[in-house]
Amino acid sequence: MNKKTIGLGFFSIALGIAILIMSNDIRDFAAVGVGAKFFPRIAAAGFMILGALLVYQNRTMLFVRSHSETASMKGSSLSPVLTLAILILYLALIPILGYIIASTLYIFGQILILNRGNKQHYLRYATISIFSAVLTYLLFVKVFSVMIPAGILG
Amino acid sequence: MILEGILAVFTVKTLLLIFGGTVLGILFGSIPGITVTMGVALFLPITFSMNAVEGLSLLMGLYIGGTSGGLISAILLNIPGTPASVCTCFDGTPMARNGQAGKALGIGIVFSFLGGIFSLLVLYFISPLVAEVALNFASFEYFSIGIFSLTLVSTMSGKSLVKGLFSALLGFAFTFIGMAPITAFPRFTFGIKELNGGISLLPALIGLFAVAQLFEASEQGAGEKVKPVEYAIKGFGFSLKEFLSQKINFLRSAVLGTGIGILPGLGGAICSVVSYGIAKNQSKTPELFGKGSIEGLVASETANNASTGGALVPLMTLGIPGDNTTAILLAGFMIHGITPGPLLFENNGVLVYAIFTALLISNIFMLISEFGGMRLFVKILAVPKHILLPIVLTLCVIGSYGLNNRMFDVWTMLFFGVLGFGMKKFDIPATPLLLGFILGPIIETELRRGLMRSQGSFLPFFTEPISGVILTLTILIVLFSAFKATRKRKSNQHQEVPTS
C-alpha cells in the first residue's frame with residue numbers, strides 16, 4: 001500500500017460524485033420497479049465507499065512524504081509515452097494513408113522504441129515492417145474478408 | 001442431434017480452422033508475454049465472417065492449443081508461457097538441463113492430450129445434466145446467478161479485494177454508456193453519437209489484454225535474447241513402462257484439474273499447483289520433485305489441460321465465465337448471437353455437440369502438431385519480443401476495426417489499452433473489470449424484468465427457492481471473503497511491525 005493507492009481512493013470518490021451528478025440528467029421512466037438511474041446511482045455509491053475504504057486503509061501514509069516514490073517516478077522509462085505517441089499518430093494516419101503504409105511506418109517506429117538502447121538494424125527492421133504489413137493486409141482482406149482502410153493505395 | 005453436431009465439424013474448412021487455431025494457440029501459449037487470452041481476443045473478429053460452428057471451432061482450437069503451448073517454453077526456456085505451466089518448469093527444466101529435453105517434451109505433450117480428453121468426457125456427460133436443471137431459471141434466478149458470479153471477483157482480485165471490487169465496478173460503470181436496457185433512453189453518451197450503441201466488448205478486451213501488454217513491454221525494454229535448450233525426441237520420448245507407472249498420478253491429476261476447473265474463478269494455474277502439491281505428497285520419491293521428476297511433470301501438465309473441459313461446464317450451462325479466456329469465449333458466443341446457458345442445449349444442440357467434437361479434434365491436432373512442428377515452435381520462440389509485439393498490435397487494430405468498420409472502435413481499443421496499463425501501475429487487476437463489463441447488463445436487465453414480473457417487489461428474489469439459495473450462498477461467500485481479507489490484512493500488519 002502506498003500513496004498511489006490513496007490517490008486511487010480519492011479518484012474513486014470523485015468518480016462516484018461525478019456519476020451521481022451526471023445520473024440526474026438521465027431521462028427515466030419506470031412504472032414498476034427501478035429505472036435507468038438506479039444502477040448508476042448504486043455504482044456511484046459503490047465508488048465512494050470503495051474510495052473511502054482505500055483512503056482509510058492507507059490513512060497512515062496520508063501525511064508521509066515519500067522520497068522513494070518520487071525517485072521511482074523520475075526514473076521510469078520514457079518508452080510507454082513514446083509508444084502512446086506513436087500509437088496516436090498511427091491511428092490518425094490509418095484513414096489518410098491506409099493500413100499498409102501507416103502500419104509499415106508504425107511497426108518500424110515501434111521496433112526502434114522497444115529496442116532503445118540496443119544496436120538497431122534499420123534495414124532488417126524496414127524489411128520486416130513492409131513484409132508484415134503487406135502480409136497481414138492480404139491475409140485479412142483476401143482470406144478472412146475483413147474490411148481494412150486501403151487509404152491512398154486503395 | 002449428436003450426429004448432426006459431429007458432422008457439422010467434418011468439413012474441410014472447419015477442420016483447417018481447428019488446425020490453424022490449435023497451431024496458433026500453441027504459438028500464443030508458448031511465447032512468454034503473449035497469452036492465450038490475447039490470442040483468442042485477437043481472433044474473435046475474424047470469426048464474424050464465419051458461421052457459428054466455424055467461428056467457435058477456431059476459438060476452441062486456440063483455447064486448447066494455447067493452454068498446452070505453455071509447456072514448450074516452460075521446458076526449453078524455463079519461462080512458463082502461461083501461468084498454468086509454472087509447475088511444469090519445476091521438473092521440465094531440470095530434465096531438459098540433464099539432457100532429457102525430448103523426454104520432458106514427450107511426457108508433457110502426451111499427458112496434456114490425455115488430460116484434455118479426460119476433461120472433455122466430463123464436459124460431455126455432465127453439462128447436459130446441469131443444463132437440464134438450469135432450464136427452470138427465470139429473471140430472478142438469472143439475476144441471482146449474475147450477482148453470484150460477481151463473487152468471483154474475490155478470487156480474481158490478487159493482493160487487494162477492494163481494488164478488485166473497484167475494477168469490477170469500473171467494468172459495470174462502462175456498461176451504463178449507451179441505451180439503457182428496457183426503456184432504451186441514452187445514458188452517459190456525452191453527445192457522442194458513436195456511444196449510443198455503448199462500448200463494444202471486443203475493443204475493450206483487446207485493449208485491456210493486448211495493447212496494455214505492449215505498453216508494459218515498452219517499459220521493460222527489449223530484454224536479452226533467449227536461447228532454447230537443444231532437444232531430440234525419438235517416438236514419444238518415453239517408454240511404455242514409464243507411461244504405465246503414471247496411471248494413478250494421471251487419474252488423480254485429471255480429476256483434480258477438471259474438478260477445480262469447474263469451479264469458476266480458479267483457472268488452470270491453481271489446478272496445476274494443487275495437483276503438483278498432492279502428487280508430491282503422495283509420491284514414493286518426493287525428494288526428486290523439483291530435480292526432474294516425471295511425476296511432477298505429469299501432474300502439472302495433466303491438471304492444467306484437464307481444466308479446459310472443466311472451465312467450459314459453467315460457461316456453456318450457466319453462461320458464467322470462469323477465467324479470462326472463457327470470458328472471451330463467452331464474447332465469442334455472443335458475437336454469433338448465441339447466449340450460453342441452459343437454453344443453448346435446447347435451442348442450439350447441434351452447435352453444442354459440434355463444439356464438443358471441435359474440442360476433441362483440437363486435442364488430437366495439438367498432439368500431432370506439437371510432436372510434428374516442435375522445430376518451428378522453437379524457432380518462433382527465438383523471435384525477439386520487440387519485433388513480435390508491434391506486428392501483434394497491427395493485428396489488434398485489424399481486430400477492432402473489423403468489428404463495425406469504424407476507427408472509433410480502434411480508438412476505444414487504445415483507450416482501454418492505456419487504462420489497462422494504468423491499472424497495472426496501480427496494482428488493479430483487469431479481469432474483474434471484464435467480469436463487471438459482461439455481467440453488468442445481465443444483472444441490470446434481469447433485475448428490471450424480475451421487478452416488472454413481481455410488481456416492484458424484491459421479495460421473490462429471496463423467496464423463489466433456487467434464487468434464494470444462490471443469493472444466500474452469495475452472501476456467505478462475500479462474508480467469508482471479507483473475513484479472510486481482514487485477517488490477511490491484520491496478519492500483514494503484524495508482520496510489518498517488527499521490521500519498521
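**Burial in chain A.** I began with burial, and in this predicted model buried residues account for 31% of the 154 residues in chain A.

**Fold of chain A.** Next I looked up the secondary structure. Chain A has 6 helices and 0 strands, and from the N terminus I read its elements as α-α-α-α-α-α. I then checked how far apart in sequence the contacting residues are. Of the contacts between residues at least 6 apart in chain A, 72% join residues at least 24 apart.

**Where chain A meets chain B.** I found 51 residues of chain A in contact with 48 residues of chain B. On the side of chain A that touches chain B, at least two residues each come from helix H1 (3-23), helix H2 (38-57), helix H4 (79-97), helix H5 (99-114) and helix H6 (122-143). I sorted the residues on that side of chain A by type and got 33 nonpolar, 14 polar and 4 charged.

**The largest nonpolar core.** Which residues have the most contacts inside it? My list reads B:Val40, B:Ala41, B:Leu169, B:Leu205, B:Ile206, B:Val211 and B:Cys396, in a core of 199 residues. Helix H5 (residues 86-134) of chain B gives this core its largest share, 20 residues. I also looked at the domains of chain A: the core lies between domain 1 (3-75) and domain 2 (79-153), because both give residues to it.

**A closer look at B:Leu205.** I picked this one from the list of residues with the most contacts inside the core. Setting aside neighbours within four places in sequence, I see B:Leu205 in contact with B:Ala41, B:Ile328, B:Ala331 and B:Leu434. One of these partners, B:Ala41, is also on that list.

Terms used
Residues are numbered from 1 along each chain as its sequence is written. Chains are lettered from A and ligands numbered from 1 in the order in which they are written. This is a predicted model: local features need pLDDT of at least 70, side-chain atom pairs count only at pLDDT 80 or more; totals for chains, interfaces and linings use all residues. Helices (H or I, at least four residues) and strands (E, at least two) are DSSP runs, numbered from the N terminus. A residue is buried if 20 or more other C-beta atoms lie within 10 Å of its own, exposed if 12 or fewer, and partly exposed in between; C-beta atoms are placed from the backbone. Two residues are in contact if their C-beta atoms, placed from the backbone, lie within 7 Å. Ala, Val, Leu, Ile, Met, Phe, Trp, Tyr, Cys and Pro count as nonpolar, Asp, Glu, Lys and Arg as charged, and the others, Gly among them, as polar. A nonpolar core is a set of buried Ala, Val, Leu, Ile, Met, Phe, Trp, Tyr and Cys residues joined through C-beta atoms within 7 Å. Domain bounds come from an automatic or database domain assignment.
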